[in-house]
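Subject: Structure handover

Hello,

Here is the structure I said I would pass on. My notes on it follow below.

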Amino acid sequence: MMGKALAALCLLCVAGFEAVCWYEDPFGVHTALNDGNAMENADRVRAAIANALPHLLLALTLSCSMTNLSAGLLGILVMFTGMQLFFWWIPYLFGFSTHMYEEHRLQLTAVQTIKPFLFEDALLPDMEHALLFPLTLVTLLLSIQAYLGTPSTSCRREALLLLVASVVLAAFPFQIETWDPASKQPPPLAGRPEAGITSVFIGVTLCLIAIIRLGQATDSDDDSDDGEAMAATHRKLD
């Protein structure tokens, strides 16, 4: 119960953080990335709801042991974490540079960012994402632990859902336009290592969860078979 409560609390914190940052924009990040133009109120409301809702739903499903829904929503949380790696932390740590990163770096010049690490001209994460990423990582680990610690009668179905999600969501980074729109031609996949790293992170994470869940299904079947064998023995003795 404590694990579920901690995971749910962290998920609520992520949801609240996302809602506040998208609606109030306290760090000025979204205005800066919109070329200095503040978002319309209706757009801010929609963005706040869209970015907070998956985390709220995962907190609810984990708390209520709704493991089928948790499996699907867990995939969204893994992708949410992966896309932060894709947009901010891989470029920051490895110095990757594309048209999109260069554009973001120029847009964020008036926004408070963290200091360069290895590459002086790398895209520097702003304070919003510097706070969000460690919170998201802790939330992801606690959510995985809470999910795998919840007994289920449909482990095989959940494992299959996670495996399908691993393929679908791992392909998502390659759908993001990371090239100059004026060129009209995307670079080869080999030219986008940040997409590959992100895809590996998403795919491997979800596959590992699926494998563990599948193992739990096998253990459950073994326990059920042992129980039936013991019951049959008792009936014979009676």
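Gly95 comes after helix 4 and has a positive phi, near 75 degrees. Please keep in mind throughout that this is a predicted model.

Helix 4 itself spans residues 67-94. The helix has a kink of about 45 degrees, and the kink is centred on Phe86.

The largest nonpolar core contains 53 residues, and Trp89 and Tyr147 have the most contacts inside it. At least two residues of this core come from each of helix 1, helix 2 (29-33), helix 3, helix 4, helix 5, helix 6 (127-148), helix 7 and helix 8. Helix 4 gives the largest share of the core, with 14 residues. As background, nonpolar side chains in soluble globular proteins tend to be buried together.

What does Trp89 touch, leaving aside its neighbours within four places in sequence? Trp89 is in contact with Gln84, Ile114, Pro125, His129, Ala130 and Phe133.

Next, the charged pairs. There are three salt bridges in the structure. In general, side chains of opposite charge can pair when their charged atoms come close.

Are the two partners buried or exposed? Arg213 has a relative accessibility of 1% and counts as buried. Glu158 is buried as well, at 0%.

A second salt bridge links Asp43 to Arg46, at 2.5 Å from N to O. These two residues are three apart in helix 3, and about one helical turn therefore separates them. Asp43 is partly exposed, with 31% relative accessibility, while Arg46 is exposed, with 52%.

The remaining pair is Arg105 and Glu102, whose closest N and O atoms are 2.8 Å apart. Both sit in helix 5 (residues 99-107), again three residues apart, which puts about one helical turn between them. Arg105 is partly exposed at 30% relative accessibility, and Glu102 is partly exposed at 27%.

Last, the surface. A nonpolar patch is formed there by Leu12, Tyr23, Val45, Ile49, Leu53, Leu56, Leu57 and Leu60, which together have about 650 Å² of accessible area. Helix 1 (2-23) and helix 3 (41-63) are the elements that give two or more residues to the patch. Which helix supplies the largest share of the nonpolar patch? Helix 3 does, with six residues.

Leu12 is one of the patch residues, and this residue is found in helix 1. At 46% relative accessible area, Leu12 is partly exposed. A residue needs over 30% to be included in a patch, so Leu12 passes that cut-off at 46%.

Regards

Definitions and conventions
Residues numbered from 1 in each chain as written. Predicted model: local features only at pLDDT ≥ 70, side-chain atom pairs only at ≥ 80, totals over all residues. Heavy atoms only, no water. Patch = residues over 30% accessible without salt bridge, like charges linked within 9 Å, V, L, I, M, F, W, Y side chains within 5 Å. Areas by Shrake-Rupley, 256 points an atom, 1.4 Å probe, with all protein chains shown as cover. Salt bridge = Lys/Arg side-chain N within 4 Å of Asp/Glu carboxyl O. Helix = DSSP H or I, 4+ residues; strand = E, 2+ residues; numbered from the N terminus. Buried < 20%, exposed > 50% of the residue type's maximum accessible area, 1.4 Å probe, protein only. Core = buried A, V, L, I, M, F, W, Y, C linked by side-chain atoms within 4.5 Å. Contact = heavy atoms within 4.5 Å. Bend = angle between axes of the 7 residues up to and from the residue.
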